[in-house]
Each structure stands twice: as structure tokens, then as C-alpha cells.
Amino acid sequence: MSLLDRFSFSRDMGIDLGTANTLVYVSGKGVVLQEPSVVARDKDGKPLAVGEEAKRMLGRTPGNITALRPLRDGVIADFDTAELMLKHFIKRVHEGRALGMPRIVIGIPSGVTGVERRAVMDAALQAGARMVYLIDEPVAAAIGAGLPVAEPTGNMIIDIGGGTTEVAVLSLQGTVLSESVRVAGDELSDSISQYMKKVHNLVIGERTAEEIKINIGSAYPSPNDSENVLDVRGLHLLSGLPRTVTVKSAEIRESMAEPLSVIVEAVKRTLERTPPELAADIIDRGIMLAGGGALLKGLDTLISHETGIVVHVAADPLSCVVLGTGRVLENFSQMERVFSARSRDL
């Protein structure tokens, strides 16, 4: 059998089951799927769309259709919908071919409970997995970002996803200490929505808030702040009619100040608890920033300013976790220690 044939029959998968996006890595092929974690269903529960197609329906559905996100704050909030979404993505990755049940490695937040871990494993098993391994997201993100986690040196990573921010210090394929806060990309978008309602009397949807964050959102002042403006359309509270309001980058940064301070404080608390030898390594090597939240302009500068340590943004922050699960799959026997002990015990 040729190498290409072996790859085509390989079904082992690494999955970043994220609050905002789900990414899938297939052994030997790389990242083959990146879709929003959204499912649209009719009133009878029948799935109508999954992923990007379903995300386009958010906030735009008639009464008989519901577009929802089955994960909240990094954990499964709707088990049946999460299972349905996983099945759909697994089937899509293998183009509907039934080639035997795959072995799956899933990245999960380090702060989830045993019950939440069990829910993730059960959803993957019900979706057709032969065996499920769980890996803490900061460990997977560090491996995906290319940090030397197997060496006896301190590595610090901040993984800011949609629902959770993971801060961890790693060494020798293990987590020395970590902190998980349920404040991340979604919370930043929510703070923009609340600001628009409170200051401009404008009601905006989830997608609009996200677009504002991506286009003019920033965590730290920059010289061209005054030039960054955006016209935002929404529903005016007082008149009840559609209205367009122009907002500036500075006010959006102000609206996100509170959730950003929560993330910065989590980083500081982790640094305070870090053993001296590892802290010295982190000062030398710097802090790695990963996850979708790492794309927020000026976030690396803000954290560097607050901690006094150089902050690097990963080359591909969105894919760090899924690339990490993939590298573990490719080097399974050498990297078995990275799996959460509880995932093997369940």
C-alpha cells in the first residue's frame, strides 16, 4: 500500500472543539476543516445547516428555525446539538465514507470539571469515535505554537478563545500551573454590544459586535486611533427604527477595558505563583499568545506593558490548539504524557 493510500485510510483526528470555531486535523493530511461552532435546527429538532452556513443565519431566522451555538464558555451547553455537530464534521472530513471508527484527540479548557470532561468524551464517542483522548488546550496550543514543551524549561502560554482564556506555565510535557477564566472573545463582543446600547442607544446583534471588534477593536492605544472609525447599523432604542452610528476605535477599546483587565489579572496571578527557575526562563523566552483573541490589535503590547515581559503572537494563533492535537497524534507514543490523567481515568 502506498503512502498516499495509507493517508486516505487514516481516520485518526485531532479536534479543537471551540466555543466559536471547530477545527479538525486528520492524521497525515493536516487541518482539513475550520467551521463556526453553530447549528441551525427547525422546530422539530431537524438540522438544517451546520458551520458557516448556520452562522450566517444567526439573528436572521424566522420563528420556526433556531440557530444556536452548542458550546458556551468552552464547555458543552447543549449535548444533543454538540453531538450532531461533531457527527456532521466527522462525516464531512471523510466525505461520507465509513472506514471504521477513528481515534480522536480533543482539546478542552484546563478548568473544566469531571462532568464536563465526560460530556465531551460521550459526545465524541456517540459521534463515532473508537477512542477519545482529552488534552488541555494550553498544552495543545503550546505544542501547536512550536514551544519546546518536552524540555526542562519554563514556557508560558496564553490561549484566548471564544469562551475561555487559558494561562499556563509548562515544562517537561506537563502543566506546572494554570488558570482558566471564562472571559474571552465572546465577553469582549458582549461588552461592545452593551456599550452601544448604553451610550448610543443602539441595539446590535452578535455578528455586528464581532465585526466591530475585528475591524476597529484594540487593546492598546495606537498613533492612528483617530482615523479608525466605523459606521454601525442597528435598531435605535428610542425611535424603534434602524439607525446608523459612527464609532471610534478609542471608545470601543474603552468598552472592552473590563474583560481585558480580567485577562491581564489572570496572567499576573499565574506569574506570581510561578517557581523562580521557571520564571527566569519565561523572562528570557517571553510569553506566547495564541487563540483567536490573540488577533485583537495591541493585546500583546498591553500584556507586555502590564507584566514587563516580551509577548510573542503565534504564527497561526487560530490553529494552535488543533495543530497541537495533530502533532500529538503523529507522535503518539512519545507524547502520551500530555493527556489529562482524568481523561484516561474516566
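## Reading cores and salt bridges

Visitor: Which residues are linked in a network of salt bridges?

Guide: R69, D186 and E206. Keep in mind that this is a predicted model.

Visitor: How many salt bridges are there by this rule?

Guide: The rule asks for a side-chain nitrogen of Lys or Arg within 4 Å of a carboxyl oxygen of Asp or Glu. By this rule the count is 13.

Visitor: Take D186 and R69. What is the distance between the closest N and O atoms?

Guide: They are 3.0 Å apart. The pair links distant parts of the chain, 117 residues apart. D186 sits in helix α6 (residues 185-200). R69 sits in the loop between β6 (65-68) and β7 (71-72).

Visitor: Are D186 and R69 buried or exposed?

Guide: Buried means under 20% relative accessible area. Both D186 and R69 are buried.

Visitor: Which residue forms a salt bridge with K55?

Guide: E210 does, with the closest N and O atoms 3.6 Å apart. K55 is in helix α2 (residues 52-55) and E210 is in helix α7 (residues 206-216), so the bridge ties together parts 155 residues apart in sequence. K55 has 18% relative accessibility, so K55 counts as buried. E210 has 27%, so E210 counts as partly exposed.

Visitor: And which residue pairs with R269 in a salt bridge?

Guide: E179. Their closest N and O atoms are 2.4 Å apart. Helix α9 holds R269 and strand β13 (residues 174-181) holds E179, so this pair joins parts 90 residues apart in sequence. E179, at 15% relative accessibility, counts as buried. R269, at 35%, counts as partly exposed.

Visitor: Now the nonpolar core. What is the general idea?

Guide: Think of buried nonpolar residues joined through side-chain atoms within 4.5 Å. The largest core here has 40 residues. Among the members that touch the most others are I158, M196 and I204. Helix α9 (residues 257-273) gives the most to this core, five residues.

Visitor: Why does this core lie between domain 2 and domain 3?

Guide: Because both domain 2 (148-183 + 258-317) and domain 3 (185-255) give residues to this core. A second, separate core has 30 residues, including V24 and V39.

Visitor: What does I204 touch, leaving out residues up to four places away in sequence?

Guide: I192, S193, M196, A209, I212, V232, R233 and G234.

Visitor: Which residues form a nonpolar patch on the surface?

Guide: V203, L235, L237 and L238, with about 370 Å² of accessible area together. L237 lies in the loop between β15 (229-236) and β16 (242-248). L237 has 45% relative accessibility, so L237 counts as partly exposed.

Conventions
Residues are numbered from 1 along each chain as its sequence is written. This is a predicted model: local features need pLDDT of at least 70, side-chain atom pairs count only at pLDDT 80 or more; totals for chains, interfaces and linings use all residues. Side-chain values use heavy atoms; hydrogens and water are left out. Buried means under 20% relative accessible area, exposed over 50%, partly exposed in between (1.4 Å probe, protein chains only). Helices (H or I, at least four residues) and strands (E, at least two) are DSSP runs, numbered from the N terminus. Domain bounds come from an automatic or database domain assignment. Contact means heavy atoms within 4.5 Å. Patches are made of residues with over 30% relative accessible area and no salt bridge: like charges are joined within 9 Å, nonpolar side chains (Val, Leu, Ile, Met, Phe, Trp, Tyr) within 5 Å. Accessible areas come from the Shrake-Rupley method with a 1.4 Å probe; for residues, only the protein chains shown count as cover.
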